[in-house]
Amino acid sequence: MLIRSRRGYEIPEHQVTPEALVLNRRALLGAGAALLPTAFSPPALAQSATAAPPLPEAQRNPRYVPGRDITAEREATTYNNFYEFGSTKSISRDAARMPLRPWTIKVDGMVGKPREFDIDELIRLMPIEERVYRLRCVEGWSMVVPWTGFPLAELVKLVEPTSSARFIVFRSAALPAVMPGLRQSWYPWPHTEGCSLAEATNDMSFLAVGNYGKPLQGANGAPIRVLFPWKYGFKSGKSIVRITFSDRQPATFWNTIQPSEYGFWANVNPEVPHPRWSQASERVLGTGDRVPTQLFNGYGEFVADLYTHLQRERLWA
Ligand SMILES: Nc1nc2c(c(=O)[nH]1)N[C@H]1C(S)=C(S)[C@@H](COP(=O)(O)O)O[C@H]1N2
Ligand SMILES: [Mo]
């Protein structure tokens, strides 16, 4: 989890293909369109069948103030942890090959209304907004990203958890044809992460379908990923295909690999060091700044209440 972070940081210009394609396409559809020969048919320019359509308009939620500059889009979209694509930070180009449509999210387990959602149907059903959140990786770097999506609580409401449901598990896609990391067979694929039902219904828990005003790119967990900004980033599962409600605390990816280093709750705490490094401060991506890490990543006023009855649990990574 801590490995090779420095080298992966520098990504060659030519790897930023998806953005360049998007811009070209905009230019064609916009001012350039008038110059196209009349025989040119717009459907030829339409999104490929596996790409995401544009997102609906989203208002920024003023409740969650980042207190820091937003990280440059290029940093946040090209410096990633996504082990399905390999254990370096430079996976954005490979991840751009992930087919994003059709995409189905199955919601099952202890719910009154189990259901399979087509991703675009889900986006239409949900109240879409923008949230600017800090994200703190357990490795000691952080970023600030505007995410487009909806509160996880809204999805929870829709499927009506039964009275025995206590936990939720998020399963990520495992697509061997495009994910070379899956060949690293010692990892417990598919990637799963989890939270309690109480955490899931906290307003901060967010399902993101976009960032920087655009549909998510593969590297950031397209087409849908979860965010718990008061926890270390490894809790925020990417490219989710299944959400299962349960009465038991689920086994999760990093906790299974190395339980002594990565707990289930994994709340950010500067005073609880990782066994191999301090968590007192963090490197802010794209700026070179080192800033003090905050308890609950600075979101204690919104989430600390979730843990008052869990003081005997290992709450801090
Ligand atoms: N499926 C999956 N989800 C994942 C990971 C992963 O390897 N696979 N890495 C996690 C880690 S360690 C972090 S820090 C965040 C990084 O999110 P970002 O690349 O969008 O910054 O994603 C998390 N979600
Ligand atoms: Mo991370």
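# Ligand 1 and its surroundings

In this predicted model, the side chain of asparagine 80 places an N or O atom 2.9 Å from an oxygen atom of ligand 1. The backbone takes part as well: a nitrogen atom of ligand 1 is 3.2 Å from a backbone N or O atom of asparagine 81, and a polar backbone atom of serine 236 lies 2.8 Å from a nitrogen atom of ligand 1.

Rolling a probe the size of a water molecule over the atoms shows where empty space is left. In this structure there are 3 cavities of 30 Å³ or more, and the largest cavity, with a volume of about 310 Å³, is where ligand 1 sits. Its lining consists of 22 residues, and those that lie nearest the centre of the largest cavity are Asn81, Phe82, Gly233, Phe234 and Lys238. Of the lining residues, 12 are nonpolar, 7 are polar and 3 are charged.

Which elements of secondary structure supply at least two residues each to the lining of the largest cavity? They are the strand β5, which covers residues 141–151, and the helix α8, which covers residues 253–257. With 3 residues, β5 gives the most to this lining.

Arginine 101 and proline 102 are joined by a cis peptide bond, for which omega is about -10 degrees, and proline 102 itself is found in the loop that runs between α4 (92–95) and β2 (104–109). Another cis peptide bond links alanine 222 to proline 223, with omega at about -5 degrees, and here the proline belongs to the loop between β9 (214–215) and β10 (225–227).

Further along, the loop between β10 and β11 (240–246) contains serine 239. The phi angle of serine 239 is near 45 degrees, which is a positive value in a residue other than glycine.

Technical notes. Residues numbered from 1 in each chain as written. Chains lettered and ligands numbered in written order. Predicted model: local features only at pLDDT ≥ 70, side-chain atom pairs only at ≥ 80, totals over all residues. Heavy atoms only, no water. Polar contact = N/O pair within 3.5 Å; in protein donor to acceptor, adjacent residues only side chain to side chain. 1 Å grid on protein atoms, 1.4 Å probe; cavity = no way out; pocket = protein on both sides within 12 Å on 5 of 7 lines; lining within 4 Å. Sits in = over half its atoms within 2 Å of the grid points. Points joined across faces, edges and corners; volume = space filled by probe spheres on them. Helix = DSSP H or I, 4+ residues; strand = E, 2+ residues; numbered from the N terminus. Nonpolar A, V, L, I, M, F, W, Y, C, P; charged D, E, K, R; others polar.
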